[in-house]
Amino acid sequence: MLEIKDLSVWYGGINAVKGISLSIKRGEIVTLIGANGAGKSSAIRAVAGLVKPRGSIVYTDKDGKDIELVGKAPEAMVKLGIALSPEGRKILPHLTVEENLLLGAYTLDDRAVVAENLEHAYALFPRLKERRSQTGGTLSGGEQQMLAVARAMMSNPDLLMLDEPSLGLAPILVDEVFKRITDINKEGRTILLVEQNAFAALRIAHKAYVLEVGNITLEGTGHDLLNNDKVREAYLGG
Amino acid sequence: MGASAGDKTLRNRALTIGSLIVFAAFLWWAEEGVDAYKVRIINLIAINAILGLSLNLIYGMAGMFSLGHAGFMAIGAYVSAILILSPDQKLAMWILDPIAPWLLDVQSPFLVSLIAAGAIAAVFGCIVSIPVLRLGGDYLGIATLGFSEIIRILITNFTPITNGPLGLKGIPPHASLLMSYGVLAVLLFCMVRLMNSNFGNVLRAVRDDEIAAKVMGIDTFKIRVLAFTLGCFGGGVGGALMGNLITTIDPKMFMITQTYSLLMIVVIGGLGSITGSVIGAVLVTTMLEWLRFVEDPITIGSLYIPGIPGMRMVIFSMLLIAVIIFRREGIMGMREFSWGWLLRDNARVNANDAK
């Protein structure tokens, strides 16, 4: 569904991603793990159109058509069925939970579809339904993260990309959020997950890539990498 | 009590319509019943509210720091004035250069000129915004300030169209109290509807978090250009009304100080609050008039202080600094007036009185 070839991202003179290639099959959970500054976020931001990369990103939509994503604007990606839940959640603090969610469906014109997606988002995260008229800024960290994921789901994406969904969350909430990610995957949606919390990410991933200073140094199934000595030593605390 | 939500909306609507009728009756009476000076200040409040609201749409609601509003006001004022002056007046007034022949016989009713003023200011706003909105923050302020000055200098020098530095005189005084407040009411209605719609939330999203807006599929640049253009429309209409109130316009009216007083209205009232801009317009307009006494010569006992022109602006600057230090969000912050808020407040006060 997503074929990334020789992707590199530059910020001025700094080369954050140095020509990585990876492929994602429909229905998989794929994770990119790595330390701070490894280029994980840059890679996912390139797919979302937030930064202009070099190389090629070919996306196969649900009708089987291949589309080159490099050079497309972020809003075009959403229409193609790619949604990003950005790093740091990016909840709009002055808007209510429901208004935040409805903005997630900005690209959809059909009110009935929007209402359906809203019900679905509430079904995934019942807590958000309880908090629907509270403003985003008054939510706890865990609730904000749920809102960020739910908001990305509002455009009914085929490919859901999550940038550091565990950031700043207590372990019990990390479990909760990752359980929901698995649920979303079971609906048939493909997931690209960028994580520092390698243990949590590898446990649910079908396929995983390890990124180190802009290069992919290891790849394999989530299970393989969990048992890989190098990964255990570097990311899982031995 | 125990009124249902439907009853409350009905009640609020009745209250709104009722107070509008009372206010309109007051204006109708005030037009003849109070002296001309006070009528003019009441009128100026409405026009400043229109201008403040349109700047608030750009700065407060869409988060674009613009210092160019005086320029768009100038466009509106000139468009409206040229459209409603009679050919005879034009022939008599253009003495430096003869008026451009295609403009001489153009004449339209006041309301048409008002819409044309807004529309042409909006076209200029749209054209200007496309390059400058690529800038952010303070740079945007500097660029829009530059454009505002360019517009003013073009008006000073395009004598065949604008009569240059001499300005335009004898503009028919169409901006009656009912006219100014009527335009304000229409604008308020549109702004409230706009900000309560999904588009209002889209604007807030673009202002608060550009990345969040983009990943939700919002074309942030397009939304900014649209908000800027709409704000310039309001600026043009406000400028046109201003010209019709004062009945003479010249390029010096539209200097940066004009933008500053609008900025004061928006900041004191509260960035992003419609109610705030109206309150700000009332306060700033009346204070600017009331403070004139500090510019008169003052005698305290045997001490004689000669009048210092511009003294009220000094006091105003100090007030603005105080607002920025002690109440940065302005009077209203981002809150809005509502009947529910007002009545609940009263209920609480009554309960306290009863104790």
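1. **Pairing and the strand β3(A).** Two strands pair if DSSP finds at least two bridges between them. On that basis β3(A) and strand β8 (residues 190-195) of chain A are partners, parallel, with five bridges. Within this pairing Val30(A) sits opposite Leu192(A) of β8(A). Strand β9 (residues 207-212) of chain A also runs parallel to β3(A), again joined by five bridges. Here Leu32(A) faces Tyr209(A) of β9(A). Everything in this note concerns a predicted model.

2. **Burial of β3(A).** How many of the residues of strand β3 (residues 29-34) of chain A are buried? Six of the six are, so the strand is largely enclosed by the rest of the structure. In a regular strand, side chains alternate between the two faces of the sheet. Both faces of β3(A) are covered. Ile29(A), Thr31(A) and Ile33(A) are buried on one side. Val30(A), Leu32(A) and Gly34(A) are buried on the other.

3. **Chain A overall.** Chain A holds 10 helices and 10 strands. Along the principal axes, its C-alpha atoms fill a box of roughly 45 × 40 × 35 Å. Buried residues account for 47% of the 238 residues. Take the contacts in chain A between residues at least 6 apart in sequence: 65% of them join residues at least 24 apart.

4. **Confidence in chain A.** The mean pLDDT is 93 for chain A, and 99% of its residues reach 70 or more. Which elements of chain A have the lowest and the highest mean pLDDT? Helix α10 (residues 229-235) of chain A is lowest, at 85. Strand β7 (residues 159-163) of chain A is highest, at 96.

5. **Gly55(A).** This residue belongs to strand β4 (residues 54-60) of chain A. Buried, exposed or partly exposed: which class does Gly55(A) fall in? Gly55(A) has 16 C-beta neighbours inside 10 Å, so it counts as partly exposed; the buried class needs 20 or more. Leaving out residues up to four places away in sequence, Gly55(A) touches Lys5(A), Asp6(A), Leu7(A), Ser8(A), Gly19(A) and Val70(A). Met1(A) is 54 residues from Gly55(A) along the chain, and their C-alpha atoms are separated by 17 Å.

6. **The A-B interface.** Contacts link 20 residues of chain A with 16 residues of chain B. Which elements of chain A give two or more residues to this side? They are α2 (74-80) and α3 (97-104) of chain A. By residue type, the side of chain A that touches chain B divides into 12 nonpolar, four polar and four charged. As a general remark, the size of an interface is often given as the accessible area lost when the parts come together.

7. **Chain B overall.** Chain B has 16 helices and two strands. Its radius of gyration is 22 Å, close to the 20 Å that the globule rule gives for 355 residues, so chain B is as compact as a globular protein of that length. The box filled by its C-alpha atoms, taken along the principal axes, is roughly 75 × 70 × 40 Å. Of the 355 residues, 42% are buried. Among contacts in chain B between residues at least 6 apart in sequence, 80% join residues at least 24 apart.

8. **Helix α6(B).** Helix α6 (residues 110-132) of chain B has 23 residues. From first C-alpha to last it reaches 32 Å, close to the 33 Å expected at 1.5 Å a residue. Its buried residues include Leu114(B), Ile120(B), Phe124(B) and Val128(B). Gly118(B) and Gly125(B) are also among them. What do the buried residues of α6(B) pack against? They meet α3 (69-84), α7 (137-157) and α12 (220-246) of chain B.

9. **Positive phi at Asn163(B).** Asn163(B) is not a glycine, yet its phi is positive, about 60°. It lies in the loop between α8 (159-162) and α9 (177-196) of chain B. Asn163(B) is buried because 26 other C-beta atoms lie within 10 Å.

10. **Positive phi at Thr247(B).** Thr247(B), also a residue other than glycine, has a positive phi near 70°. Its loop runs between α12 and α13 (256-269) of chain B. With 15 other C-beta atoms within 10 Å, Thr247(B) is partly exposed.

Note on methods. Residues numbered from 1 in each chain as written. Chains lettered and ligands numbered in written order. Helix = DSSP H or I, 4+ residues; strand = E, 2+ residues; numbered from the N terminus. Buried ≥ 20, exposed ≤ 12 C-beta atoms within 10 Å, placed from the backbone. Contact = placed C-beta atoms within 7 Å. Expected span 1.5 Å × (residues − 1). pLDDT = per-residue confidence, 0-100. Nonpolar A, V, L, I, M, F, W, Y, C, P; charged D, E, K, R; others polar. Rg over C-alpha atoms; globule rule 2.2 N^0.38 Å.
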